[in-house]
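Here are a few friendly notes to read alongside the coordinates.

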Amino acid sequence: MTKKNENFDLTELKRDSLEIDELFSKYPAPQPPPALVDDIKRRIQSQRQRISIPKLILKTAAVAAVVILAWTYIFDGLRENPIAKSSETSDTVFAKADENLSELEKEVDLLRSEFLSVSLNEESTSGLFNDILTTVESQILETDNTFWKG
């Protein structure tokens with residue numbers, strides 16, 4: 001055995017393979033008769049050419065299913081008129097009155113005014129930003145006091 005790998009020795013493997021080759025050359029196996037070889041070749045050729053009926057039906061059904069699905073998905077969108085569909089959708093969206101729409105408009109206006117006052121460095125005494133800031137400051141002071149009390 002070598003020092004690099006104690007479980008595998010390449011020289012020993014080469015020696016064994018040479019011994020096996022010498023044994024095969026000393027005692028050659030008899031060749032099969034040519035009739036047997038021709039019979040095996042004929043069987044292999046006949047099996048290649050023969051197509052079974054169930055396999056043929058299965059392959060045909062699979063191809064047909066793929067074609068039908070592709071046809072359905074590709075041409076499904078062409079039957080509908082996308083321009084008419086989008087105009088109907090936009091009409092129905094804007095035609096319905098939403099109860100939350102006025103609330104959302106009020107919140108947007110409030111946020112817009114708060115943003116404007118923050119951008120201009122103005123302080124507003126009554127505003128969403130001011131309320132949030134006061135709440136956060138009181139929470140920080142409360143946490144700070146409870147922390148040092150233990």
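1. Let me start with a term: a salt bridge here is a side-chain nitrogen of Lys or Arg within 4 Å of a carboxyl oxygen of Asp or Glu. Please also keep in mind that this is a predicted model. With that in hand, the side chains of Asp39 and Arg43 form a salt bridge, at 3.0 Å from N to O. Both residues belong to helix H2, where they sit four residues apart, about one turn of the helix.

2. Asp39 has another partner as well: the side chain of Arg42 meets Asp39 in a salt bridge of 2.4 Å, N to O. Why are Arg42 and Asp39 about one helical turn apart? Because they are three residues apart in helix H2, which covers residues 34-49.

3. On exposure, Arg42 counts as exposed because its relative accessibility is 52%, and the cut-off for exposed is over 50%. Arg43, with a relative accessible area of 49%, is partly exposed.

4. Which residue forms a salt bridge with Arg112? It is Asp109, and the closest N and O atoms of the two are 3.2 Å apart. Arg112 and Asp109 lie in helix H5 (residues 99-119), three residues apart, about one turn of the helix. Arg112 is exposed, at a relative accessible area of 53%, whereas Asp109 is partly exposed at 44% relative accessibility. The structure holds three salt bridges.

5. Now for the fold as a whole. The chain has six helices and zero strands, so its elements read α-α-α-α-α-α from the N terminus. How many of its 150 residues count as buried? The share is 3%. The accessible surface of the chain comes to about 14700 Å², and carbon and sulfur atoms account for 63% of that area.

6. Phe8, Leu10 and Leu13 make a nonpolar surface patch of about 290 Å². Leu13 is part of helix H1, residues 10-26, and counts as partly exposed at 45% relative accessibility.

7. The other patch carries negative charge: Glu12, Asp16, Glu19, Asp21 and Glu22 gather there on the surface. Asp21 also has its place in helix H1. Is Asp21 buried, partly exposed or exposed? Its relative accessibility is 48%, so Asp21 counts as partly exposed.

Key. Residues are numbered from 1 along each chain as its sequence is written. This is a predicted model: local features need pLDDT of at least 70, side-chain atom pairs count only at pLDDT 80 or more; totals for chains, interfaces and linings use all residues. Side-chain values use heavy atoms; hydrogens and water are left out. Patches are made of residues with over 30% relative accessible area and no salt bridge: like charges are joined within 9 Å, nonpolar side chains (Val, Leu, Ile, Met, Phe, Trp, Tyr) within 5 Å. Accessible areas come from the Shrake-Rupley method with a 1.4 Å probe; for residues, only the protein chains shown count as cover. Helices (H or I, at least four residues) and strands (E, at least two) are DSSP runs, numbered from the N terminus. Buried means under 20% relative accessible area, exposed over 50%, partly exposed in between (1.4 Å probe, protein chains only). Lys and Arg count as positive and Asp and Glu as negative; His and the chain ends are not counted. The place of a charge is taken as NZ of Lys, CZ of Arg, CG of Asp or CD of Glu.
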